[in-house]
Amino acid sequence: GVQTCALPISETLPKIFKRVDQLTKQRVSGPMLDGIDEQVAHLIEALAVMEFWQAEALWRLYVPKQPVMGHYSRGAAIWALGKRFNGTAQPELAQQLVERLTDTAPVPAEMEHVRYSSAVTLGRIKADSQVSRMIDWVGEPNLKSGNVVTPHALAVRWAVMQLTGVEYPELKPFPIGKGDRKSTRLNSSHLVISYAVFCLKK
């Protein structure tokens, strides 16, 4: 069959930005709409993919831990900031993101999407000063052995390699179901898939 795809149209960017701004103000003042978190996340990603850097200040509103801002939207905004500043040092942003990555407050607990995006963006924005905290959070023995299973720990492993040039051994398969040989997942595949889908939208 014939495959079709949507092409990014730059003329839509101001309208997309306006919509994100409206939804951001609405979620802060309430009431919440069903699906607003997913909608805002997709719109933020669209702005970043099409390099609408005028949205930077709006994205930064999603970095602090505010449950009302939604974990998908916050993850997308942090990813967008990583795309915006890819390859450039951003010490203040790096400090904010390492706090999100390593947050230990139980209520409200920081969300996995946010931790994952924070680790990815730290790897992109030359956050060399935060490498030790990232390593301490996951544990250097775990990074070296590949004993990491959460998405954000895998992202930390990738980020540390990007920032330091260290090459950790290839990740090994690990079972996710007892006695079921089919229920085995490759850590490396998980990282590649996550990285391709969420990190490398260029």
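F52 is buried, with a relative accessible area of 11%; buried means under 20% relative accessible area, exposed over 50%, and partly exposed in between, with a 1.4 Å probe and protein chains only. The model is predicted, so local features need pLDDT of at least 70 and side-chain atom pairs count only at pLDDT 80 or more, while totals for chains, interfaces and linings use all residues. Residues are numbered from 1 along each chain as its sequence is written, and side-chain values use heavy atoms, leaving out hydrogens and water.

The structure holds two aromatic pairs. Rings of Phe, Tyr and Trp (its six-membered ring) pair if their centres lie within 6.5 Å; planes under 30 degrees apart count as stacked, over 60 as edge-to-face, and the rest as tilted. The ring centres of F17 and F52 are 5.7 Å apart and their planes stand at 50°, so this pair is tilted. Because F17 lies in helix α1 (residues 13-29) and F52 in the loop between α2 and α3 (56-60), the pair ties together parts that are 35 residues apart in sequence. F17 itself is partly exposed, at a relative accessible area of 24%.

In the pair formed by W53 and W59, the centres are 6.2 Å apart and the planes at 85°, so the arrangement is edge-to-face. W59 is buried, with a relative accessible area of 0%, whereas W53 is partly exposed, at 24%.

Helix α2 covers residues 36-49. Its 14 residues reach 20 Å from first C-alpha to last, close to the 20 Å expected at 1.5 Å a residue. Buried residues of α2 include I36, V40, L43 and L47. After α2 comes E51, whose phi is positive, near 55°.

Notes
Helices (H or I, at least four residues) and strands (E, at least two) are DSSP runs, numbered from the N terminus. The expected span of a helix is 1.5 Å times one less than its number of residues.
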